[in-house]
Amino acid sequence: MGITLHGIGIGGGVAIGHAHVISHNEIEIAHYGIAEEDVPQEISRFDAAIRLARQELETLWGSIPEHAPAELGAFLSLHIMLLNDHTLTAEPHLIIEAQRCNAEWALKQQLDILLAQFDEIEEEYLRERRSDVIQVTDRIFKALAGHHIQPPAPSRPDSILVAHDLSPADMVLFKDTHYFAFITDVGGPTSHTAILARSLDLPAVLALRHAQALIREDELIIVDGINGVVIVDPDEQVLVEYRARQSDWQASQRALQDIRYAHPVTRDGVEIELLANIELPDDTALALAQGAAGIGLFRSEFLFLRDEDDLPTEDEQFDAYRQVAESMQGHAVVIRTIDLGKDKIPKWQEESDSPNPALGLTGIRLCMAETQLFRTQLRALLRASAYGKIKLLVPMLSNLNEVRQTRRHLEEIKEQLAAEGLPFDAEIELGGMIEVPAAALTVGAFLKQLDFVSIGTNDLIQYTLAVDRNDDAVSYLHDPLHPAVIHLLHHVITTADRIGKPVAMCGEMAGDPQLTTLLLALGLRRFSMLPAQLLKVKRRILDADLERLQQAVPALLLAEDANAVRTLLADL
Ligand code: PEP
Ligand code: MG
């Protein structure tokens, strides 16, 4: 009888395949020597990692829901027991002392010894405990390093990746692998991990809490990314039902292809602009294939997360921006300047000990503090602007000075380029992201200095409702239909219309087909989303009657809570 786990569905349909449980043991383990006087310090680093891993397991143990399967408690207690065993906790001390090596290398050697012993065991139950040892050491490696996971290649054509956590940086690396689906224990619905998962258009479920502990290597699992359900070791009847759901989903996807070349026009003849969000230059192919009229958001910071050690140089950035501009064949490309910080932290920034990164040096604030980094990017962007229609977009604006200073940098760099005889678009447009409530409320002042704005609802909701978008414990509060959000959106859109400057939306709300009619009613005419969402939203636009939708606006603005908005939406 299978186990059913519930999490946050990221979409992408249904997958049936075999689990490939990844662990940090699959990362390249660093090996380096240490001085004799550093041995005690290395041993305490190792002990601290053991303590952290134990703490994590004890917290998990304390949070087991009442109705959780009994296996869960058994797994966790076995893992805690292993963590208390001297073969894992004390033997590596001896290796560090004898070989004067780093803790990771000592642990790796001890793990190899243990795994070799397991391989000789004939009794099946005991041999299966091998994966428990791997999972426990995985926790210790993670506590020691906090490195990004290097994705191992899928072991079979129908491999489903099972991981405890994947950072946005891990996800970028996953773009090049070919998994069938994937699931993780943690993650919020608009976290960057979720956004990247959606961009891969694979069935995915996040925030499953105990999947990595419960699922065994090679086990048959069903991933229902639509409903956020994972079924482990399903019986034949369940398999038959999910195979049927899988083919329904595939049929609905095929039907959407019929509108690939249709113009996004409402039933009453209003043209809507549908743009794509991308993370890496190669994503433009998918954007074009899904009929995007341009790129509404290129999250350029992902170029900075690809290589752990080196920042992309000006020339490397120039090549990437030029590639995007050229491949979009004359369509406009909005490139967002570096938006690092919060959950997108490259190796060189990991040292930062900001007490609250989401309210710290992030987005444009980091660029204002690291002007060399910012100016190098602006130079690369301006140089690339000679090869296509590039527009700039500044993230995390909260203060007008950030716009003034960005303009000053831009003008200085234009002068430099002109003096060097390098071509660039002297009229390049500068836009700003509206994703902090302060900027939303004073958008009129921002629009006097900007050429356009784009609403980043992922952060706007996070900051308006004080809900961490990465924390699945509060994801039930991350509600795009909260009246505070509706009022801010309405204010930003109507103010931009009154001033006569373009306003787009590039947060996940724009790509959610369930919200298309609401956004059309609020006056939005430019939507930017992951390519995988474009046709679903276009379907809604083709069916929409704007005149009727607009009549609902007064009632929407009077709604007192999200449920009232939801009820009104159901009738739209
Ligand atoms: C947003 O905040 O809505 C947005 C589009 O930016 P990001 O998701 O990259 O923070
Ligand atoms: Mg944002």
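Is Asp472 buried or exposed at 16% relative accessibility? Asp472 counts as buried, where buried means under 20% relative accessible area, exposed over 50% and partly exposed in between, with a 1.4 Å probe and protein chains only. The structure is a predicted model, in which local features need pLDDT of at least 70 and side-chain atom pairs count only at pLDDT 80 or more, while totals for chains, interfaces and linings use all residues. Residues are numbered from 1 along each chain as its sequence is written, chains are lettered from A and ligands numbered from 1 in the order in which they are written, and side-chain values use heavy atoms, with hydrogens and water left out.

The structure holds 26 salt bridges, a salt bridge being a side-chain nitrogen of Lys or Arg within 4 Å of a carboxyl oxygen of Asp or Glu. One of them joins Asp472 to Arg209, with the closest N and O atoms 2.7 Å apart. Distant parts of the chain are linked by this pair: Arg209 is in the loop between β6 (204-206) and α10 (211-214), and Asp472 is in the loop between α19 (457-465) and α20 (483-499), 263 residues apart. Helices (H or I, at least four residues) and strands (E, at least two) are DSSP runs numbered from the N terminus. Arg209 is partly exposed, with a relative accessible area of 41%.

Arg379 and Glu314 meet through their side chains at 2.9 Å, N to O. The side chains of Arg375 and Glu412 form a salt bridge at 2.8 Å, N to O. Arg375 is buried, with a relative accessible area of 16%, whereas Glu412 is partly exposed at 39%. Glu314, Asp315, Arg379, Arg383 and Glu420 are joined into one network by salt bridges that share partners.

Strand β12 (residues 389-394) has 5 of its 6 residues buried, so the strand is largely enclosed by the rest of the structure. β12 pairs with strand β11 (residues 332-336) in the parallel sense over 5 bridges, pairing being assigned if DSSP finds at least two bridges between two strands. Ala332 stands opposite Lys389 of β12. β12 is also joined to strand β13 (residues 429-434) by 4 bridges, and these two strands run parallel. Here Val394 has Gly432 in β13 as its bridge partner.

The largest nonpolar core has 96 residues, of which Tyr321, Leu489 and Phe527 touch the most other members. A nonpolar core is a set of buried Ala, Val, Leu, Ile, Met, Phe, Trp, Tyr and Cys residues joined through side-chain atoms within 4.5 Å. Beyond its neighbours within four places in sequence, Tyr321 is in contact (heavy atoms within 4.5 Å) with residues including Phe298, Phe304, Ile335, Leu381 and Ile390. A second, separate core of 30 residues includes Leu78, Leu114, Val133 and Val136.

Leu114 is also one of the buried residues of α5, among them Leu107, Leu111 and Phe118. Seen down the axis of α5, the buried residues fall within an arc of 165 degrees, so they line one face of the helix; the arc is that of the directions from the helix axis to the C-beta atoms.
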